[in-house]
Amino acid sequence: MRRLRASCHIPLLAACASPLWAAAADWQPSATLVAIYQTTNQSQIDSETAVSANLFLRRRVDADEWLVHVEGATTPTDSGVSSQVPEANAIVGGALDMNGWGRVQLSELYHTRTPQAGQVFSIGYLDISSFFEQSRIASDETSQFMGASFTGNPTIEFPDYTLGAVFEQTVQDGPVLRLGLTSSNGLANNPDRSYSHLLSVGNEGKGVFAVSSASWKNTAWLLRVGIWANTADHEAIDGSGRGLRNNGSYLLAGYRQRRHALNFRFGVANEKVSRASAFTSLGYQFRLDQYVLGAGAAHAFLSSREPDASMGDTQHYEIYLRRDLSRRVFLTGDIQHVVSTNFGSSAALRGQGITIYGLRLTWLYE
């Protein structure tokens, strides 16, 4: 352990330490810790317990803000729920190494500046989806829907945590306009999930991910429309060639009135390269004191270019009941039903309806 320098005598210890404490106090922490247990009505799918933790540190000085996000997760099992029914758990898989084992990782590190009122510019290592596809009731898998079909739009080929920038302009009495430009490959999109490959943005086959949106929001309504493109080298679904690009458009709408809230998503993508050529979902939330009830239905449409005629559209349904045990601790019971999971890519589960039963315990710190 390093000793204090002689110039910092005991009577002056507080004075020497105070700048360090002041710097640390500038960083505002928040955290989530989530444990989920899930089982199904299919004997060939193993029950699974997954744990995920997130730590966020924010520091704001005048017009500048920094964010650091550290994430950790347990290892999913090959025969478990999250591997066999990937739509059923939006938490699993957020922090894995090249072997598919859970790890602790740096997930975000970026700087935001507000040069003037109505303008925001963010740059660094970030989660681009959090700027463009957020819903009031159907985006947070730690306290809202557990299923991935209700936390995002699967037709949008967002990269994982990646390098890029986002510019936001609020038009007076008008919409909020956003533009985003990042690398096409995030941390989990590279074969070894390494930071060295994350930084190698010019590697062969990589491109850029570009997205823009316009959103209108008030106390009751939220409406967002956007377009996007991913210029990485894509292969045609039917195997007819490479060098293709993916692109699409999306819509997100929400309405909230007293105890009730609705969320609607719609999106389309290039069916030549995207197995999910279109998607739609509807979510509902009802709150009564310390209870929250949620219900949702989603439909992912299989590309017409898919050569395997035995595959089909995926349907996903979910209902959950959450009890707020305290301001920071939530307990959620959840039932999901998935038809043709992952478009029936698993021959053993093709055409079957799978029911998933889940229990989630969430702890928040802010």
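**Cavities and a buried tyrosine in a predicted model**

Among the elements of the structure, strand S2 (residues 48-61) gives the most to the lining of the second largest cavity, with three residues. The model described here is predicted. The volume of this second largest cavity is about 30 Å³. Its lining is made up of Ala50, Val51, Ser52, Ala73, Thr74, Ile91, Val92 and Gly93. Five of these lining residues are nonpolar and three are polar. No charged residue takes part in the lining of the second largest cavity.

In total, the structure holds two cavities of 30 Å³ or more. Ser135, Arg136, Ile137 and Leu222 are among the residues that line the largest cavity. The lining of the largest cavity also includes Gly254, Tyr255 and Arg256. Ala261, Leu262 and Asn263 belong to the lining of the largest cavity as well. Two strands, S10 (244-257) and S11 (260-269), each supply at least two residues of this lining. By type, the lining of the largest cavity holds five nonpolar, three polar and two charged residues.

Attention now turns to a single residue. Tyr125 is part of strand S5, which spans residues 119-126. Is Tyr125 buried or exposed? Tyr125 counts as buried because its relative accessibility is 6%, and the cut-off for buried is under 20%.

With Leu106, the side chain of Tyr125 reaches the backbone oxygen at 2.8 Å. With Leu163, the separation in sequence is 38 residues. In space, the C-alpha atoms of Tyr125 and Leu163 are 4.5 Å apart.

Confidence was examined last. The average pLDDT of the protein is 92. A score of at least 70 is reached by 93% of the residues. Over residues 1-18, however, the pLDDT is below 50. Beyond near neighbours in sequence, the stretch of residues 1-18 has four contacts in the model.

Definitions and conventions
Residues are numbered from 1 along each chain as its sequence is written. This is a predicted model: local features need pLDDT of at least 70, side-chain atom pairs count only at pLDDT 80 or more; totals for chains, interfaces and linings use all residues. Side-chain values use heavy atoms; hydrogens and water are left out. Helices (H or I, at least four residues) and strands (E, at least two) are DSSP runs, numbered from the N terminus. Buried means under 20% relative accessible area, exposed over 50%, partly exposed in between (1.4 Å probe, protein chains only). A polar contact is a pair of N or O atoms within 3.5 Å; within protein, one must be able to donate a hydrogen and the other to accept it, and residues adjacent in sequence count only if both atoms are side-chain atoms. On a 1 Å grid over the protein atoms alone, a cavity is a set of points where a 1.4 Å probe fits but cannot get out, and a pocket is an open set with protein on both sides within 12 Å along at least five of seven lines; lining residues have an atom within 4 Å of a point. Grid points are joined across faces, edges and corners, and a volume is the space filled by probe spheres set on the points. Ala, Val, Leu, Ile, Met, Phe, Trp, Tyr, Cys and Pro count as nonpolar, Asp, Glu, Lys and Arg as charged, and the others, Gly among them, as polar. pLDDT is the predictor's confidence in each residue, from 0 to 100. Contact means heavy atoms within 4.5 Å.
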